[in-house]
Amino acid sequence: MKLHNTNSTPKKVRVRFAPSPTGYLHVGGARTALYDYLFAQKFGGEFILRIEDTDEERSKDEYMWSQLEDLKWLGLTWSEGPQVETQKETGDLGPYQQKYRLEIYKKYIDQLLDQGQAYYCFLTEGELDQQREVAKKNKLPFRPLSPSRDWSKDKALAHTKENQLQPTVRFKNNFKNKKFEFKDLVRGDMSFPSDMIGDFVIQRSSGMPVYNFVCTIDDALMKISHVFRAEEHLSNTLKQLMIYETLGFDRPEFAHLSIMLGEDRQKLSKRHGATSVSQFKEEGYLPEALTNFIALMGWSSPSGEEILSQKEMIDNFSSDRFNSASSVFDPEKLKWMNAQYLRKLEHQDLWQRLQVFFDKEHLKLPQDKTWVDMALETFKSSMETLKDAVELFRPICPDHFKLEDSASEVMAWETTAKVLEYWKSEVSNYPHDYLSAEDFKALTKKIQKDCEVKGKPLFMPLRVALIGAPQGVELAKLIPLLSRQEILRRVSVVLGV
RNA sequence: GUUCCCUUCGUCUAGAGGCCUAGGACAUCGCCCUUUCACGGCGAAGACACGGGUUCGACUCCCGUAGGGAACGCCA
């Protein structure tokens, strides 16, 4: 399955991520970018960012910047292309936004036109539809048949002017019975027959060239050595190979990554829940966990280790460990992995990352180091995402105390009132501002003895009086996080005083 | 319809002809820890899509079949 790696890096490694700014950065795109980045890092090459914005209707600069920011958030940095901070480009082979490269494309379109390897096509959409229908009826593959296929450039231009037309430009597929072969880094030897496609459009009637053309030109001009892209581009490669060949460009190596699916085995999309990188960010996933997780969809480390730092991924990265089968995105495993990373974080770091989530919910927490350390130590093992901290910390936040419905059963117990009254009076006589875990333990022993209550009927009411709910973290750990005053206030609230 | 790609536990995967009684991870279930909920520890269950070849021997190589996917766009 994976004997086809060349394992050689003859050319200077230059890889590119080429998103089209028609939406937010998708985890699928993020994975491609990640592989680009890892590959470049591993082989000391360059990682280039190119913006494929030839779809004038759907492309928006706003999307471009958001995608770039998400890429940076993931820790993937590039040496050439538009940069977020300066809003300017770096690199010598720009511009890196295709809409600013139109002159370049025009030159090559003209060259093809002059050489008779492309032609102006005056077929209307209606005519094309008709041809398509005929092909379908005869169970033949559709190949556009253009009357102007063999016209000279001058004749076509004259015709255009005379009739005020806006023709497209089609690449003339004159390859007869030729097999286009290449070695895919993921799939091995690939071969496409030249008659798999007909003459294809390389320039729209608007004058804007199309993806398969500009992509090829730019990869060649930007000296891209390896193209990592999603599997859906596999069949496009034939068109691009034809262009490489007629223009005499060196072609890069290709790696067509398997596709990411949702749990219903359909292509991962919005209806499967979160799919954009920014959504995962908002839900409290760590960039290092997200990249680790997506790296493992379609690639594996030689050791079989699953928790891998960026450095470990770089060190172990190679294109012979790609899996060619598509994979299903499993949000549960992502959560698990995120939890692993969360627990490894330094408290100071974790606390800092938590602030944006607390702020959003107007949670005001103490900030002194001892308290933070204690609180984090108590709660971090219950967190899977940063956002989980909100519900964990809310109960110990003074302004947010309330009695949950789940507490009503406990409150109805016969012994509950007695326990809480006793608890209240003990705490009010306590000499310090905060109770220690040890003092709390001693105190519960005392209650147990004097009230003749133990086990659940003892601890559940106390928990309710502390956080408003009968379930949660260990009481001894919770106690030192609340001031004596706050504890008293709460027990009063619960007792309805 | 044509061309091309893909198929190992529910999910991510390991697997380069004998190391396979198919390994690991998530999820699931059980036990332990625990006054609750988690964390953690230990354990169980669970897969080579199917059929033919080739071979002394096939998860691995070849050919079919089935299922899934892509392209056949003036989307990328």
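Helix H7, which runs over residues 236–247, is largely enclosed by the rest of the structure, because ten of its twelve residues are buried. In this predicted model, the buried positions of H7 are Asn236, Thr237, Leu238, Gln240, Leu241, Met242, Ile243, Tyr244, Thr246 and Leu247. The length of H7 can be checked against its residue count: at 1.5 Å a residue its twelve residues should span 16 Å, and the end C-alpha atoms are 17 Å apart, so the two values agree. After H7 comes Gly248, whose phi is positive, near 70 degrees.

Chain A has 20 helices and 13 strands, and buried residues make up 50% of its 497 residues. Its radius of gyration is 32 Å, whereas a compact globule of 497 residues would have a value near 23 Å. Taken along the principal axes, the box that the C-alpha atoms of chain A fill is roughly 105 × 50 × 45 Å.

Two or more lining residues come from each of strand E1 (14–17), helix H1 (27–42) and strand E10 (226–230), and H1 gives the most, with four residues.

Although Arg58 and Ser20 are 38 residues apart along the chain, their C-alpha atoms are separated by 9.1 Å. Arg58 sits in the loop between strand E2 (46–49) and helix H2 (61–73), and it counts as exposed because its relative accessible area is 51%, over the cut-off of 50%.

Most residues other than glycine have a negative phi, and most peptide bonds are trans. A cis peptide bond, however, joins Gly94 and Pro95, with omega at about 0 degrees, and Pro95 lies in the loop between strand E4 (89–90) and helix H3 (102–114). Lys139, which is not a glycine, has a positive phi of about 50 degrees; this lysine is placed in the loop between helix H4 (125–137) and helix H5 (153–163), and with a relative accessible area of 76% it is exposed. Lys223 likewise has a positive phi, near 55 degrees, in a residue other than glycine. The loop that holds Lys223 runs between helix H6 (211–221) and E10, and Lys223 counts as exposed at 54% relative accessibility.

The cysteines complete the tour. A search of the whole structure finds zero disulfides. Cys215 is buried, because its relative accessible area of 0% falls under the 20% cut-off, and Cys397, at 1% relative accessibility, counts as buried too.

Note on methods
Residues numbered from 1 in each chain as written. Chains lettered and ligands numbered in written order. Predicted model: local features only at pLDDT ≥ 70, side-chain atom pairs only at ≥ 80, totals over all residues. Heavy atoms only, no water. Disulfide = S-S within 2.5 Å. Buried < 20%, exposed > 50% of the residue type's maximum accessible area, 1.4 Å probe, protein only. Expected span 1.5 Å × (residues − 1). Rg over C-alpha atoms; globule rule 2.2 N^0.38 Å.
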